[in-house]
Amino acid sequence: MRKVLAVVGAVALTVAAVAFVGLPVRAGAQAGGTIEVEVRYNGSPVIEDVKVNKDVEVCGKEKKIDKIAVGPNKGLADTLVWVTDAKGPATSKPVALDQKGCEFHPRVLPMPPGEIDILNSDGVLHNIHTFSSLNPTINKAQPKFKKVMKERLEKPEVVRVQCDVHSWMQGWIVVVPNPFFGVTDGRGVTKIENVPPGKHPIEVWHPLLAKQAKEVEVKAGQTVKVAVELKK
Amino acid sequence: MTRGAGATTGGRRSAWLLAALLSLLAAVVATPAGWAATGDANRGRDLYDRRCAPCHGVKGDGNGPAAELLDPRPRDFTTGVFKIRTTSTKAPSDQDLLAVITDGMPGTYMPAWGELSETDRRNVVAYVKTFAPDRFKEAPTPQALPPTVGPSPESVKRGREMFEAIECNKCHGTEGRADGPSRPELKDDWGRPIKPANLTKRWTFRGGPTPQDIAMRLATGVNGTPMPSFIDSVEKPEDIWHLANYVASLGPASPNYATLVTAEAVRGALPGDPNADFWTTIAPENIALVGQVTVDPRNVNPAVDMVAVRAAYNDREIAFHLTWDDATQSTPDPAKHVYADAVSVQFPVTVGAGPERPYFLMGDDAEGVYLLRWENGKGATEATANGPTKITPMTASEVTGTAVFRNGQYRLVLKRARVRKDAPAFAPGVFVPIAFQAWDGGAGETGPKMSLTSWYYLRLEEPQSNRRFVVPPLVALLTVAAMALIVRTARRWTRNA
């Protein structure tokens with residue numbers, strides 16, 4: 001009996017080791033390409049001024065909320081780009097949405113289906129209130145002593161997040177079914193790496209603007225640059 | 001005698017009925033959760049269309065003809081989002097829906113439908129569920145609560161600590177009067193402004209006033225509103241009960257509305273300070289206020305729903321101590337529809353002997369009323385009125401008024417001479433008609449847009465004389481003397497015999 005157990009254990013260990021070491025190797029062996037997307041917005045930035053009447057020591061007395069954040073060269077930040085048809089193993093990177101300075105960080109957070117950590121770095125009461133149609137909605141208090149809450153979002157969709165205590169706090173969690181996604185930085189640029197070669201439809205989405213779809217041809221080992229302009 | 005005969009046969013019948021009921025009860029107890037899911041949606045529809053659709057709409061979308069006037073708005077059943085549930089799943093159980101239909105929703109326009117038969121109510125439950133069938137696919141799981149902790153001073157103290165730690169005050173206010181800093185920002189799931197619960201008025205709690213109800217709301221949250229679930233957000237699970245006990249300690253379960261205002265007779269001075277200890281020695285009479293809906297502009301959703309009244313008088317003066325909740329001490333800004341908070345106490349101009357009283361809504365052209373008014377920023381004034389838009393300030397106003405505002409509550413003392421020639425006089429033992437009006441300027445109330453009462457009566461308690469300290473002991477003494485006399489006489493007789 002013991003021998004059998006030992007053999008089973010050894011086999012399991014070997015399988016695990018192969019899986020652990022082997023998978024990234026295989027992903028690399030696919031020799032995918034990179035999509036670099038630059039998103040622009042020709043309109044003017046939309047910034048909401050909020051006068052804060054509570055928790056000023058962490059939120060500040062006044063807040064400037066970048067509803068549409070436009071950087072140099074009209075680059076549009078907080079924009080999600082994802083390859084809609086590509087299939088790949090979901091990344092197991094831990095996903096976290098932080099509440100810091102009475103704002104959601106990041107404002108737009110893509111994640112694979114699964115677990116998400118919701119952090120409260122502020123040390124004041126926030127509540128995580130989600131609005132979704134496929135995933136169950138969440139409305140849970142996160143008092144100052146509750147630093148981390150673990151939640152699950154399993155179904156791909158856009159989930160709006162709001163804090164009712166500080167109503168200017170609005171964020172978006174986007175559950176994406178594959179690992180090929182990115183969110184634009186302050187210059188409006190994002191890179192999606194290791195995309196399998198071939199023609200792929202991509203989608204460009206900003207919470208407050210009309211989304212756009214495009215087709216991109218990815219070549220192994222190369223970077224394909226795409227420019228997209230979003231409109232209202 | 002027919003009644004007696006009936007009782008015999010009735011007795012046998014009721015025994016059968018009892019047996020049937022008991023077996024039914026046994027069946028109910030034996031059946032696991034979901035036993036309530038027996039309504040017939042098709043039969044419920046007819047009743048729904050007649051009784052529910054005026055507010056909730058024929059399509060169940062919460063857009064019935066009356067919906068526009070109601071705040072909170074009638075539930076939109078098509079979303080399947082319900083405030084009151086005892087389940088950990090998102091949808092309420094049939095029993096939860098049945099309870100809301102049966103008991104209504106306190107503090108809203110949803111009435112209690114207990115007059116309908118239980119079968120009818122269950123049928124309506126079944127029909128309401130058909131508006132959002134997907135939401136009810138999953139079988140409801142009961143929300144588990146930690147073992148009950150009964151109310152005790154320790155529990156209330158711990159509850160208060162937790163109340164502060166989890167910052168309930170952000171919405172509900174430091175003392176629970178729905179005046180937290182986040183109040184103006186709160187919106188429901190449909191984007192409409194929503195008010196937090198006033199925790200000192202438990203009788204307005206939508207899901208019931210008991211610590212059990214409160215603990216359940218804390219555990220499940222209130223769906224469709226900003227109120228989140230706290231079951232995983234307290235330090236220890238039993239804190240849910242401490243919080244519930246603390247919230248229950250903030251106010252009575254029922255307002256016990258008064259029907260008469262009694263002014264207490266006082267020998268000394270009447271303190272003008274609303275926070276003076278003197279006023280705490282008088283029990284308040286809670287007077288319910290309703291929206292003014294007789295003349296335009298109507299106030300279908302009044303902000304001030306109650307004024308707690310204390311009254312006292314001495315040989316020279318009469319004073320009224322009024323307490324009412326108002327979320328903000330508003331600074332008038334007509335451009336933003338913000339006006340001064342105000343209150344007034346109304347009397348007939350002359351207190352007659354008969355039952356005739358002026359029209360309750362500030363009088364009319366035929367007969368006017370006399371008003372003791374107070375307005376934030378302006379102070380106390382006297383006026384006469386012949387209707388809500390025909391108010392004439394009195395030039396020689398003698399009333400004094402002192403108000404304090406703290407944590408969502410006004411306290412005010414209005415004081416004037418008890419006997420006057422140019423205004424109603426208040427004499428002990430006389431029933432004087434009295435009415436109240438209030439305006440929450442922050443809620444856009446001004447002019448006829450107010451909350452008010454119809455006529456009540458004010459009675460000045462008759463001063464108690466010192467005779468009560470003299471007469472009863474004297475009677476007792478005389479009785480004892482008489483008894484002693486009888487005993488003595490009786491003894492003498494027996495001795496002589």
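1. A residue is called buried here when its relative accessible area is under 20%; by that rule, buried residues make up 44% of the 497 residues in chain B of this predicted model.

2. The fold of chain B contains 10 helices and 14 strands, and its C-alpha atoms fill a box of roughly 90 × 85 × 55 Å when the principal axes are used. Among the contacts in chain B with a separation of 6 or more, 64% are accounted for by residues 24 or more positions apart. The accessible surface of chain B amounts to about 25400 Å², and carbon and sulfur atoms hold 58% of that surface.

3. Turning to the interface, 22 residues of chain A are in contact with 22 residues of chain B, and the two chains bury about 1800 Å² between them, with 51% of this area on carbon and sulfur atoms.

4. Between chain A and chain B, 16 residue pairs are in polar contact, both residues of each pair being at pLDDT 80 or more.

5. On the side of chain A that touches chain B, strand E9 (126-131) and strand E10 (139-142) of chain A each supply at least two residues, and E10(A) gives the largest share, four residues. By residue class, this side of chain A divides into eight nonpolar, eight polar and six charged residues.

Conventions
Residues numbered from 1 in each chain as written. Chains lettered and ligands numbered in written order. Predicted model: local features only at pLDDT ≥ 70, side-chain atom pairs only at ≥ 80, totals over all residues. Heavy atoms only, no water. Contact = heavy atoms within 4.5 Å. Buried area = accessible area lost by both parts, 1.4 Å probe. Polar contact = N/O pair within 3.5 Å; in protein donor to acceptor, adjacent residues only side chain to side chain. Nonpolar A, V, L, I, M, F, W, Y, C, P; charged D, E, K, R; others polar. Buried < 20%, exposed > 50% of the residue type's maximum accessible area, 1.4 Å probe, protein only. Areas by Shrake-Rupley, 256 points an atom, 1.4 Å probe, with all protein chains shown as cover.
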